[in-house]
Amino acid sequence: LSDCLACDSCMTSEEGARVFQQNQKELFRVLNLNKKCDTSKHKVVAVSICPQSLPYFAAKFNLSVNDAAKRLCGFLKSLGVHYVFDTTVAADFSILESQREFVQRYQRRNQEEHALPMFASACPG
């Protein structure tokens with residue numbers, strides 16, 4: 001679970017709660033340390049936002065998805081986060097790489113016994 005981005009695409013709610021708590025505690029620990037030390041010694045904090053979470057925030061606060069993304073990004077930066085990334089790009093790269101691998105495996109299907117089937121995941125983690 002150390003690479004998990006907690007995007008809720010594959011996890012149970014129990015696992016999601018555990019990852020969320022671990023990441024939340026670590027995030028606030030680093031943000032508090034950054035506030036207390038010289039800026040040259042700050043740890044860079046990057047946060048990833050999965051696109052599945054944005055409609056929830058938008059509906060909860062009666063905003064468009066774009067406004068929800070902007071406000072969430074602004075809120076995170078106000079806490080001291082340096083970078084906020086949308087995991088859509090990572091998911092797109094994952095899909096492209098899966099496509100490339102499938103084409104290669106399909107072309108080798110007659111030469112290699114285990115070329116197919118191919119199992120894939122679009123997990124950005």
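Buried means under 20% relative accessible area, exposed over 50%, and partly exposed in between (1.4 Å probe, protein chains only). The model is predicted: local features need pLDDT of at least 70, side-chain atom pairs count only at pLDDT 80 or more, and totals for chains, interfaces and linings use all residues. Residues are numbered from 1 along each chain as its sequence is written, and side-chain values use heavy atoms, with hydrogens and water left out.

**Exercise 1.** Classify the ring pair of Tyr-83 and Phe-85, and the accessibility of both residues.

*Solution.* Tyr-56 is exposed at 52% relative accessibility, and Phe-57 is partly exposed at 29%. For Tyr-83 and Phe-85, the centres lie 6.1 Å apart and the planes meet at 20°, so this pair is stacked. Tyr-83 has a relative accessible area of 46% and is therefore partly exposed. Phe-85, at 48%, is also partly exposed.

**Exercise 2.** Which ring does Arg-109 lie over?

*Solution.* Arg-109 sits over the face of Tyr-106, 3.9 Å from the ring centre. The criterion is NZ of Lys or CZ of Arg within 6 Å of the ring centre and within 35 degrees of the ring normal.

**Exercise 3.** How many disulfides does the whole structure hold?

*Solution.* The search finds 0 disulfides (pairs of cysteine sulfur atoms within 2.5 Å). As for accessibility, Cys-37 is partly exposed at 29%, and Cys-73 is partly exposed at 24%.

How values were computed:
Rings of Phe, Tyr and Trp (its six-membered ring) pair if their centres lie within 6.5 Å; planes under 30 degrees apart count as stacked, over 60 as edge-to-face and the rest as tilted.
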